[in-house]
Amino acid sequence: MEANTHARMRIRLHLIYIVRQGPAMSLQDTTEQFTTLNVTTQSGIDVPFTTAERTMSLDDYAERVMAPLINNLAGNVAATIMLGSEGGVCNYVSNVDGAGFVTTPGSAQFLLANAVLDDNSADQMTRHVVNDPTTDALTTVSLQGLLNPTPEISQQFRSGMMKSGLGYDRWLGIRRGY
């Protein structure tokens with residue numbers, strides 16, 4: 001019997017209300033709508049450890065095996081999603097030139113991304129930036145001279161990665177290890 005390689009996910013769509021003008025009330029029904037996402041690819045990492053080995057003979061299994069495994073899998077999935085997202089999501093901001101080379105992003109690119117999020121009514125309290133390793137390195141160099149709190153500049157210097165700023169709570173770097 002062949003395993004089903006495709007899954008379907010039901011995704012709830014945002015509610016859209018129309019703003020009225022004037023004093024006359026105009027009630028609007030709240031109707032939740034859904035769309036279906038067909039999941040056609042699956043990613044995984046298989047390791048040959050039995051349950052007994054994981055619990056009895058492998059010291060620090062979670063740290064030594066699972067942490068790098070999950071990091072590589074998450075990086076692969078994130079990269080796959082990002083490769084397919086350009087032009088397909090409202091909050092994607094590209095930083096490549098016409099020839100496809102990664103450009104050094106300045107504060108303007110991130111502030112423009114904030115504007116795109118604002119234009120689409122995104123929550124201002126939970127904004128994150130996701131950069132590939134090259135963009136993260138170029139961004140850290142580009143923005144290191146800005147006037148920021150000393151502890152955050154120190155964190156960026158020690159880690160070599162952006163931490164927070166320009167209206168974003170977190171800057172997430174995709175680490176590819178696959």
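1. The protein exposes about 13500 Å², with 56% of that supplied by carbon and sulfur atoms. Accessible areas come from the Shrake-Rupley method with a 1.4 Å probe, and for residues only the protein chains shown count as cover.

2. Please keep in mind that this is a predicted model, in which local features need pLDDT of at least 70, side-chain atom pairs count only at pLDDT 80 or more, and totals for chains, interfaces and linings use all residues. Residues are numbered from 1 along each chain as its sequence is written, and side-chain values use heavy atoms, with hydrogens and water left out.

3. On confidence, the mean pLDDT (the predictor's confidence in each residue, from 0 to 100) is 76, and 74% of the residues reach 70 or more. Strand S1 (residues 7–12) has the highest confidence, at a mean of 85, while strand S4 (residues 170–173) has the lowest, at 66.

4. The protein has five helices and four strands, in the order β-β-α-α-α-β-α-α-β along the sequence. These are DSSP runs numbered from the N terminus: helices are H or I with at least four residues, strands E with at least two.

5. Threonine 140 sits in helix H4 (residues 133–143) and counts as buried because its relative accessibility is 10%. A polar atom of the threonine 140 side chain lies 2.8 Å from the backbone oxygen of aspartate 136.

Note on methods:
Buried means under 20% relative accessible area, exposed over 50%, partly exposed in between (1.4 Å probe, protein chains only). A polar contact is a pair of N or O atoms within 3.5 Å; within protein, one must be able to donate a hydrogen and the other to accept it, and residues adjacent in sequence count only if both atoms are side-chain atoms.
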